[in-house]
Structures are given as C-alpha cells and as structure tokens.
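Try each task yourself, then walk through the solution.

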Amino acid sequence: MAKGRGTSCSTSAIVGLMVVSVLVLQSEAATYIVGDSLKWAFNVVDWPKGKHFKAGDVLVFNYNPSFHNVVVVDSGGYNNCKTPAGATTYTSGKDRLTLSRGQNFFICNFPGHCEGNMKIAVTAI
C-alpha cells in the first residue's frame, strides 16, 4: 500500500512540474530598447504606440547620464512634467526597468527635457 501512495505522489509531482514549465515558457518576458536606435531621447513620447506590453516585460533605457535620467512617476507627474516626492530616479545610462500591470509612466526630469517629449506612458496587461 505504501508503494501505491509513493507512485501517485511522484506522478502528481511530475505533472505539476510539467504544468509549471509550460507556464514559465509561455510567460517569458520581452525586452524592449526604449526609443529603439534613437535611445532615450527627446520626442520619444510616441515610441510605445503599436507595441503590446505585458507585466514583467523589461524596458531598457540607454542614454548619456551626464545629460539625462529616468524617473518613474504617476500620471500627474507625467502630464505636468513634475517629479513627485518619493519618485525613483535612475541614473546609470543603462537602466533596466520591469513593467507592472497597468499604467507605467517615465520622464527625464532634467530641465526642459520632459517638456521636449522625453517621456513615455506604457500600459502593460
């Protein structure tokens, strides 16, 4: 009788691992270079149009950190080009940010840059 239980548990474990493996393969995150060949730069605001993002996808922001940064903001910060208190600022020039489900907003908060459309709004499903 003990032998039967062990076999059943082993079979269940194998089936469970197979299901998890399939789900992991199907949910592999995509990586996007923001601005493509233009990088994170002025007038990048329309870059997300036509792309379909998922939660967990990674955005890569390439830029010269002497002249730009990436700030994660809310919709108000995005629309008004203002950095809210407590906003996270990235300054490496090679930032990799993972999208959350829903709306994600990013700006450069160097003077005049966000106003020059150095900002993107991305919706991830």
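D36 is partly exposed, with 43% relative accessible area; buried means under 20%, exposed over 50%, and partly exposed in between (1.4 Å probe, protein chains only). Before going on, note that this is a predicted model, where local features need pLDDT of at least 70, side-chain atom pairs count only at pLDDT 80 or more, and totals for chains, interfaces and linings use all residues. Residues are numbered from 1 along each chain as its sequence is written, and side-chain values use heavy atoms, with hydrogens and water left out.

**Exercise 1.** Find where D36 sits and say what its phi is.

*Solution.* Start with the place: D36 is in the loop between β1 and β2. Strands (E, at least two residues) and helices (H or I, at least four) are DSSP runs, numbered from the N terminus. Next, look at the backbone: D36 has a positive phi of about 50 degrees, although it isn't a glycine. Now try N43, which is also in the loop between β1 and β2. N43 isn't a glycine either, and its phi is positive at about 65 degrees. N43 counts as exposed, at 58% relative accessible area.

## The overall layout

**Exercise 2.** List the elements of the protein chain in order.

*Solution.* Count them up: there are 2 helices and 7 strands. Then walk from the N terminus, and you get α-β-β-β-α-β-β-β-β. As for burial, 30% of the 125 residues count as buried. Finally, take contacts (heavy atoms within 4.5 Å). Among those between residues at least 6 apart in sequence, 70% join residues at least 24 apart.

## The nonpolar cores

**Exercise 3.** Which residues touch the most other members of the largest nonpolar core?

*Solution.* First, the rule: a nonpolar core is a set of buried Ala, Val, Leu, Ile, Met, Phe, Trp, Tyr and Cys residues joined through side-chain atoms within 4.5 Å. The largest one has 18 residues, and W40, L59, F61, F106 and I120 touch the most other members. Two elements give two or more residues to this core, β2 (58-62) and β7 (119-124). β7 supplies the largest share, 3 residues. Apart from this core lies another one of 7 residues, among them V71, Y78, C81 and F105.

Now take L59 and leave aside its neighbours within four places in sequence. Its contacts include Y32, V34, W47, F106, I120 and V122. D95, R96, L97 and L99 are also among the contacts of L59.

**Exercise 4.** Which cysteine does C81 join in a disulfide, and where in the chain are the two?

*Solution.* A disulfide is a pair of cysteine sulfur atoms within 2.5 Å. By this rule the count is 1. C81 is joined to C114, S to S 2.2 Å. The link is left-handed, with -70 degrees about the S-S bond. The pair ties together distant parts of the chain, 33 residues apart: C81 is in the loop between α2 (75-80) and β4 (88-90), and C114 is in the loop between β6 (102-107) and β7. Both ends are buried, C81 at 16% relative accessible area and C114 at 3%. C108 is in no disulfide, and the nearest cysteine sulfur, that of C114, is 8.3 Å away. C108 is buried too, at 0%.

## The salt bridge

**Exercise 5.** How many salt bridges does a search of the whole structure find?

*Solution.* Look for a side-chain nitrogen of Lys or Arg within 4 Å of a carboxyl oxygen of Asp or Glu. The search turns up 1 salt bridge. The partners are D46 and K49, whose closest N and O atoms are 3.2 Å apart. Check the exposure of each: D46 is partly exposed at 45% relative accessibility, while K49 is exposed at 61%.
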